[in-house]
Amino acid sequence: MAGKEAARLPRKVYETELLRLQIELVKLQEWVKAEGVRLVVVFEGRDAAGKGGTIQRVAEHLNPRVARIVALPKPTERERTQWYFQRYVEHLPAAGEIVLFDRSWYNRAGVEHVMGFCTKEEYQLFLRQCPIFERMLVEDGILVRKYWFSVSDTEQQERFRRRLDDPVRRWKLSPMDLASITHWEAYSRAKDEMMVHTDIGEAPWYVVESDDKRRARLNMMAHLLSSVPYHEVSPPVLELPPRPPSTGYQRPPRDLQTYVPDHAASL
């Protein structure tokens with residue numbers, strides 16, 4: 001374990017490069033707005049593979065009106081009767097928007113297939129339709145980027161253990177997450193089959209080695225930026241106006257309002 005930890009990217013190096021990449025992501029965002037681009041980024045991978053943390057860093061300094069995270073819950077009874085891709089279509093971006101899918105339509109190729117939440121026929125139909133669906137998105141002008149976060153079984157187990165012991169991350173663990181341990185090989189086979197059918201030229205898969213979360217985040221962000229032909233858009237020139245002189249306004253007495261207690265003063 002000591003050797004493994006020593007090989008991880010140093011925090012100072014990570015934080016310096018993270019900030020640089022996040023600045024570039026803001027430039028990408030402004031280009032998307034200015035040019036009316038539609039960008040979809042799909043994040044997939046095993047449980048505890050590091051998708052969520054990467055998405056947070058990607059979106060951290062972006063405008064939520066431009067870049068939004070889509071993490072859908074399990075389908076409702078009504079949604080189960082719809083065309084499978086239908087509920088994802090309504091979340092696709094309009095011009096000038098970025099959508100980050102924290103898991104996506106690929107649920108059918110993974111958890112639904114492995115855990116028996118869909119029929120074999122539904123699974124096979126997905127494998128046939130998914131490449132067609134994604135080609136339609138690309139043909140319509142949407143930029144599609146798909147990232148698979150690959151984590152080893154030992155690292156996944158350790159991350160699960162840490163979550164069990166961490167009160168602020170305990171919510172990230174569910175019975176379904178723990179079931180992925182006993183279904184490790186089934187998920188591996190499902191991922192391999194998914195890649196065979198959906199790693200297409202128009203929307204290829206990019207694998208992110210994620211045992212080292214810091215490296216994974218930087219590598220994914222750098223690749224995304226390198227794959228999009230964005231350029232820096234000159235921001236509008238803004239100047240702070242002079243503050244006008246007072247016209248006699250007086251603030252109401254403080255005791256007429258209810259203030260939050262100063263908890264910080266008790267620390």
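Predicted model: local features only at pLDDT ≥ 70, side-chain atom pairs only at ≥ 80, totals over all residues.
Contact here means heavy atoms within 4.5 Å. Helices (H or I, at least four residues) and strands (E, at least two) are DSSP runs, numbered from the N terminus.

Residues are numbered from 1 along each chain as its sequence is written, and side-chain values use heavy atoms, with hydrogens and water left out.

First, the overall picture. The protein has eleven helices and five strands. Its C-alpha trace spans about 75 × 50 × 45 Å along the principal axes. Of the 267 residues, 39% are buried; buried means under 20% relative accessible area, exposed means over 50%, and partly exposed is in between, with a 1.4 Å probe and protein chains only. Among contacts in the protein with a separation of 6 or more, 79% are between residues 24 or more positions apart.

Now the helix pairs. Two packed helices are described by the angle between their axes and the distance between the axes. The axes are lines fitted to C-alpha atoms, for helices over the stretch in contact, and angles run from 0 to 180 degrees between N-to-C directions.

Take helix 3, residues 51-59, and helix 11, residues 213-227: their axes come within 10 Å and cross at roughly 50°. The two are therefore oblique to each other. On the wording, angles under 35 degrees count as roughly parallel, over 145 as roughly antiparallel, 65 to 115 as roughly perpendicular, and the rest as oblique. The crossing of helix 3 and helix 11 is right-handed, that is, the near helix is turned clockwise from the far one by less than a right angle, with anticlockwise being left-handed.

Which residues in helix 3 and helix 11 meet? From helix 3 they are Gly53, Thr54, Arg57 and Val58, and from helix 11 Arg217, Met220 and Met221. By class, this contact of helix 3 with helix 11 divides into three nonpolar, two polar and two charged residues. For the classes, Ala, Val, Leu, Ile, Met, Phe, Trp, Tyr, Cys and Pro count as nonpolar, Asp, Glu, Lys and Arg as charged, and the others, Gly among them, as polar.

The other pair is helix 7 with helix 10, residues 184-198, whose axes come within 9 Å and cross at roughly 40°. That makes helix 7 oblique to helix 10. Helix 7 passes helix 10 in a right-handed crossing. On the helix 7 side, Tyr123, Leu127, Cys130, Pro131 and Glu134 meet Glu193, Met194, His197 and Thr198 of helix 10. The contact of helix 7 with helix 10 has five nonpolar, two polar and two charged residues.

Next, charged pairs. Side chains of opposite charge can pair when their charged atoms come close. The structure holds 24 salt bridges, each being a side-chain nitrogen of Lys or Arg within 4 Å of a carboxyl oxygen of Asp or Glu.

One joins the side chains of Glu155 and Arg8, at 3.2 Å from N to O. Glu155 lies in helix 8 (residues 153-165) and Arg8 in the loop between helix 1 (2-6) and helix 2 (11-35), so the pair ties together parts that are 147 residues apart in sequence. Both Glu155 and Arg8 are buried.

A second salt bridge, between Asp140 and Arg38, has its closest N and O atoms 3.0 Å apart. This pair links distant parts of the chain, 102 residues apart: Asp140 is in the loop between helix 7 (120-139) and strand 4 (143-150), and Arg38 is in strand 1 (residues 38-45). Asp140 counts as exposed, at 52% relative accessibility. Salt bridges with shared partners also join Arg8, Glu155, Glu158, Arg159, Arg161, Arg162 and Asp165 into one network.

Lys27 is partly exposed at 23%, while Glu24 counts as buried at 17%.

Last, the backbone. Most residues other than glycine have a negative phi, and most peptide bonds are trans. Ala48, not a glycine, has a positive phi of about 65°. Ala48 sits in the loop between strand 1 and helix 3 and counts as buried at 7% relative accessibility. Arg103 also has a positive phi, about 70°. Its place is the loop between strand 3 (97-102) and helix 6 (111-114), and at 25% relative accessibility Arg103 counts as partly exposed.
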